[in-house]
Amino acid sequence: MDLLNTLADKGLRRELPTREEALAVLATSDDDLLEVVAAAGKVRRQWFGRRVKLNYLVNLKSGLCPEDCSYCSQRLGSKAGILKYTWLKPDEASKAAAAGVAGGAKRVCLVASGRGPTDRDVERVSETIEAIKEQNEGVEVCACLGLLSDGQADRLRSAGADAYNHNLNTSEGTYGDITTTHTYADRVETVQQAQAAGLSACSGLIAGMGESDADLVDVVFSLRELDPDSVPVNFLIPFEGTPLAKEWNLTPQRCLRILAMVRFVCPDVEVRLAGGREVHLRSMQPLALHLVNSIFLGDYLTSEGQAGQADLDVIADAGFEVEGAGTTTLPAHRAESGGGCGSHDGGCAPCGDAPGEAAPDAPEVPAARTDLVAVRRRGAGTDLAPNA
């Protein structure tokens, strides 16, 4: 297919696709799926070989969030039966992080529910970062604490944080449909504050919330302009008790096309397969490794993932290898310049508004697999061993 050859060539040159080309990837048929994966896989291997970076989540404070993000089980008014607990002590968080590092995780992601941290919260997280780094030599630490106030990113950086995560989640045009308690611009500003403090920016999206192809392309192009070093791609986990509980819009094939589009738009960036992969990709998870170069190991914030050993088995069986602690994740040109997915030598052609081919009839979405949504009952905040 000429489109895929063009996109692969652009990705190998770090030249970005047009909006029209990105939309066309999402409009490809299931019959063309393996060709799409193969073309994006060339780009992935060019910049990341067969390495897979493992990341591990530690939920420092769970539930009772004052924000109303429709997708979130921790949101204001959520009736999801999730774990609820206040801040873990630094030693508790460090112990949880150690389980992930022992399982092969190179980065620990410290997450706390809430609109944003107070200065006391930043102090508390700083102590946690120091405890984790003291006990786990060489581990990367990423903080995800919500909207940042002036100076907080600098304090986290001084405490040893390597990165900060704050996702855009969806397009600017539809952001108000999923959240009303803060704005899309608030999120962009927080990512920029993290970058200005010298933290590696991590910002991604959630697919499957009822958005259009144009919305997906919009948010990925916005991410490219924002220039993060890593782009996590989440697939909505429709928790019962949240406004989006009935949004079962994804097929494994759709998920793979979305991941391929992200890889083409952000060819030399750490693209991370994040929440929802077990629910929506299911037995096709190994194919996704040809598109992404990073995954989460074990459980998520409020839901359970598959067994950590199963993650490692998928990586090995698919012919990939876990990235070692001494390996630099990003390609040399990015690691040296600090550039994001918008770093490239060529320019971008003008954006179009429609895919280059007529979209085929949408495949019938299979029945919702509510049995695959398992609320986390182990690890941080419990007396049970974590999954790593």
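Reader: Is Ser 303 buried or exposed?

Author: Buried means under 20% relative accessible area, exposed over 50%, and partly exposed in between (1.4 Å probe, protein chains only). Ser 303 has a relative accessibility of 5%, so Ser 303 counts as buried. This is a predicted model, in which local features need pLDDT of at least 70 and side-chain atom pairs count only at pLDDT 80 or more, while totals for chains, interfaces and linings use all residues. Residues are numbered from 1 along each chain as its sequence is written, and side-chain values use heavy atoms, with hydrogens and water left out.

Reader: Where is Ser 303 found, and with which residues is Ser 303 in contact, leaving aside its neighbours within four places in sequence?

Author: Helices (H or I, at least four residues) and strands (E, at least two) are DSSP runs, numbered from the N terminus. Ser 303 sits in the loop between strand E9 (294–296) and H13. Contact means heavy atoms within 4.5 Å. Apart from neighbours within four places in sequence, Ser 303 touches Ile 237, Phe 239, Ala 374, Val 375 and Arg 376. The C-alpha atoms of Ser 303 and Val 373 are 7.0 Å apart in space, although the two residues are 70 apart in sequence.

Reader: How many salt bridges does the rule count, and which parts does the pair Asp 229 and Arg 334 tie together?

Author: A salt bridge is a side-chain nitrogen of Lys or Arg within 4 Å of a carboxyl oxygen of Asp or Glu. The count by this rule is 21 salt bridges. In one of them, Asp 229 pairs with Arg 334, with the closest N and O atoms 3.0 Å apart. Asp 229 lies in the loop between helix H9 (213–226) and strand E7 (230–235), and Arg 334 in helix H14 (residues 332–337), so the pair ties together parts that are 105 residues apart in sequence. Asp 229 is buried at a relative accessible area of 12%, and Arg 334 is buried at 1%.

Reader: In which helices do Arg 277 and Asp 311 lie?

Author: The side chains of Arg 277 and Asp 311 form a salt bridge of 2.9 Å, N to O. Arg 277 belongs to helix H11 (residues 277–280) and Asp 311 to helix H13 (residues 308–317), so this pair ties together parts that are 34 residues apart in sequence. Arg 277 is buried, at 3% relative accessibility, and Asp 311 is buried, at 1%. Elsewhere, salt bridges with shared partners join Lys 53, Arg 107, Glu 140, Glu 270 and Arg 272 into one network.

Reader: At what angle do helix H1 and helix H2 pack?

Author: Axes are lines fitted to C-alpha atoms, for helices over the stretch in contact, and angles run from 0 to 180 degrees between N-to-C directions. Helix H1 (residues 2–12) packs against helix H2 (residues 19–26) at about 125°, with the axes 11 Å apart. Angles under 35 degrees count as roughly parallel, over 145 as roughly antiparallel, 65 to 115 as roughly perpendicular and the rest as oblique. H1 is therefore oblique to H2. On the H1 side, Leu 3, Thr 6, Leu 7 and Lys 10 meet Glu 21, Ala 24 and Val 25 of H2.

Reader: What is the phi of Arg 14?

Author: Arg 14 has a positive phi of about 65° although it is not a glycine. Arg 14 lies in the loop between H1 and H2 and is buried, at 14% relative accessibility.
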